[in-house]
Amino acid sequence: MSPAENLDAFREEYREWLSAHVPRDWGHLLYAGANEMIEFQRGWLRTLDAAGYAAIEWPAEYGGRGAGLAEQIVMYEENARSNAPALNIFSMSLIHAATTFLAHGTQAQKDWHLPRIRRGEEIWCQGFSEPEAGSDLASLRTRAVLHGDCYVLDGQKVWSSRANISNWCMVLARTNPMAPKHHGISFFVLDMRSPGIEVRPIRQLTGEQEFCEIFFDGVSVPVDNLVGQPDEGWRVAQTTLSAERGLAMVQYAHELRTQMEIFIGSLVDGSTEDSAIGDALLEGIGGYYSEIEILISLCESGLRQQADSDSVGRASSVVKLYYSELAQRFAEYTVAVAGLPAQLQQPVPNRLVRREGADWMLNYLRSWALTIAGGTNEIQRTMIGERMLGLPREPLPAGTP
Amino acid sequence: VTVGPTFVHRDAHDELRAVARRLIAQRCSLAATRDIAETPAGFAPDVWDAIAATGWIALEIPEIYGGSGAGFAACAVILEELGRLAVPLPYLSTAVLGVGALIHAGSPEQCRAYLPGIASGRIRATLVAGFDHTGVGLADSGLRYRRLPGGDLIVAGTARFVPDAHTAHILVAAAAGETGPCAVIVPAERSGIEIQLEPTVDRTRRLCSVRLSDVHVRADEQLAIGQAARELVSQLLDRAAVAVACDSVAGAEQVLAMTVSYAKTRRQFGRPIGTFQAIKHHCADMAVLVETAQVAASLGVKALDHASTGEGIPWPSAAKAYCTDAYAAAAGTAVQVHGGIGFTWEHDVHLYLKRAKLNQALFGSPRWHRTRVGQFAWSRAAPQSVLHVAEHS
């Protein structure tokens, strides 16, 4: 079979499997509690895993299929088509943590974590940002000091999504305060059940509590939990971040396509029999529809070149900037079209639910996380200017390390 | 400074692109363009001959008629390289519209009569159809026909904003009539055809008003009638839309390169202005426009070469709307970053700004094209609902 035929066969196979396995009527979970939602998603992940679909891009030895990007995209498309449950609680595990382990992990780390991630036994969060290290992440102050065969961790992290329900965390900590700031940082994986950890959820402007603060007070981390070389954690973190801007971004882009379908669907349902949709509305829909398709193609072509190019870092800034601002503009548009009804308070649904509960105002409020998180868009613009276009750096104030 | 595409692989035509970029840079400098732009014809015949000699006009013409039988993707390379230097040439009207009409709807006799001449550069062509911003295509062409006993036609009316008609040897004209729309191909010198230049702000292109006073068209000069004519015009407009998208992408790449280069060398407050975030972020925004427009244009090109059965998103429209808007926004930002010097006649950036603005308006406005995509999206979600929107065919 040709590659295209193989892909068609895979699509056929997966579509058939989904039609037999996607849980029916899970809309009631829209307002379910956290535990119920975790169990539901874990159940779905295990169903996928039993059929070999949990992590198709991983090597076969870890339960994957060594599948390429094309197959993963097929899965995103088919998931959306069949209204399959999203796995957002586990995406930090399946994408960010797994990508980091596969690139930099020791054999023991891979053997321990990857099967547990696949089975939904581990929920991961990321401890990168700090109160004084946001855009200037490399100035982070959380310290890890080696004592015998353990590092002792002290400091504070912030903006860690789902840290309150996670059992593992990827942590960046300073191990060499004398080195230049990018070179004294190490990358650890931390069992969140270790003594000395306190997690406090932060109430966001949407009313939700997804981001958390994490406090480390003399937390012991075994040396074996170091990922990559000591003091070279910055490089490891780039892998984690590239997963955020790579595969995860393809998924976000497909979710935006689903939102567009829901939006059009809501207009179709709400329209009168003779469908008095005007040219102005069609124009707006057509513009955003085009841009979402351009975004999807941009993400996919960017990923395709990831393997053979060192331009991923610079190109991913373009994707992040375009995605987040398109999502925000589209959200603004839907709120404007929806009018006053969109201004009414609604119960805040779990974000994984995809077709039900279109709340355009909530979507709009959430969009401000997109333009801030993962490196603010201002930082992205500076990176594009300096790394991609070769513009000169801004002179640093005297005395800056 | 060259800003290469990060996301779009163009390897299929790398060699053609390299040759085209070199030859066009040699023959079509912006300084030369400024002189040519002030002549009535608006293009240099010797450059046209040079382009014809390379075979670039004939890329899509089948080999039996003296061409190379390539796909639109090859043509797109030339369109981009011409757009990069805002070259004034009737390439789009002849190689995209004229050739397109003949390879899609021409009879063997019509193809034999015209395609070898077009391939050699001896014959130039254009499309006379409706290009108003309110609507494009047959319904608005401004031309009507009536049929004489025996099958010949009489065509009358005025079509405005016709590209390059003043230098065309043959006209493909779309007219409405009692027996449905009709497309014909006639020599521009046919009695009753009057062509006047319309003074465009963008001096690198020429638009004309074409008046037909009871022009006699022979039955064998008919290209298509009824549904076939509708499809032909729609196909030609898709080609024109993608062609303009290609021109726009390269133009946007060029204004970005000009602007980045200026930001690196122009100094104020004792340092290059590119060190300032305000300038750097303007450039980054332009880069995002360029990268996304490259993706959109390449999808437009792909859609023409692998014409699906009308099930997918109308990429030619999506690409036309997105790329021309991106070009105009990038060119505007380029003027801003250049500051005072960018507002002068001497600086080249205004050549691009004006070309970008014409590209937006040409062959259907971005609004019109977005609406077309919106109709597609809507009809996909609500196949039964009737849309109360203007007929565009």
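A residue is termed buried when its relative accessible area is under 20%, exposed when over 50%, and partly exposed in between, as found with a 1.4 Å probe on protein chains only. The structure is a predicted model, in which local features need pLDDT of at least 70, side-chain atom pairs count only at pLDDT 80 or more, and totals for chains, interfaces and linings use all residues. Residues are numbered from 1 along each chain as its sequence is written, chains are lettered from A and ligands numbered from 1 in the order in which they are written, and side-chain values use heavy atoms, with hydrogens and water left out.

Aromatic pairs were examined over the whole structure. Rings of Phe, Tyr and Trp (its six-membered ring) pair if their centres lie within 6.5 Å; planes under 30 degrees apart count as stacked, over 60 as edge-to-face and the rest as tilted. Over all chains, 22 such pairs are found. The rings of W159(A) and F211(A) are edge-to-face, with centres 6.2 Å apart and planes at 80°. This pair links distant parts of the chain, 52 residues apart: W159(A) belongs to strand β3 (residues 150-161) and F211(A) to strand β7 (residues 211-222) of chain A. Strands (E, at least two residues) and helices (H or I, at least four) are DSSP runs, numbered from the N terminus. F211(A) is buried, at a relative accessible area of 17%.

A tilted pair is formed by Y288(A) and F330(A), whose ring centres are 5.6 Å apart and whose planes meet at 50°. Y288(A) lies in helix α8 (residues 279-304) and F330(A) in helix α9 (residues 312-338) of chain A, so the pair ties together parts 42 residues apart in sequence. Y288(A) is buried, with a relative accessible area of 14%, and F330(A) is buried at 1%. Elsewhere, ring pairs link F10(A), Y14(A), W17(A), W44(A) and Y53(A) into a cluster.

Between chains A and B, 45 residues of chain A are in contact (heavy atoms within 4.5 Å) with 47 residues of chain B. The buried area, which is the accessible area (1.4 Å probe) that two parts lose on being put together, summed over both, is about 4,000 Å², and carbon and sulfur atoms give 70% of it. The two chains are joined by 4 salt bridges, each defined as a side-chain nitrogen of Lys or Arg within 4 Å of a carboxyl oxygen of Asp or Glu. In one of these, between E283(A) and R370(B), the closest N and O atoms are 2.8 Å apart.
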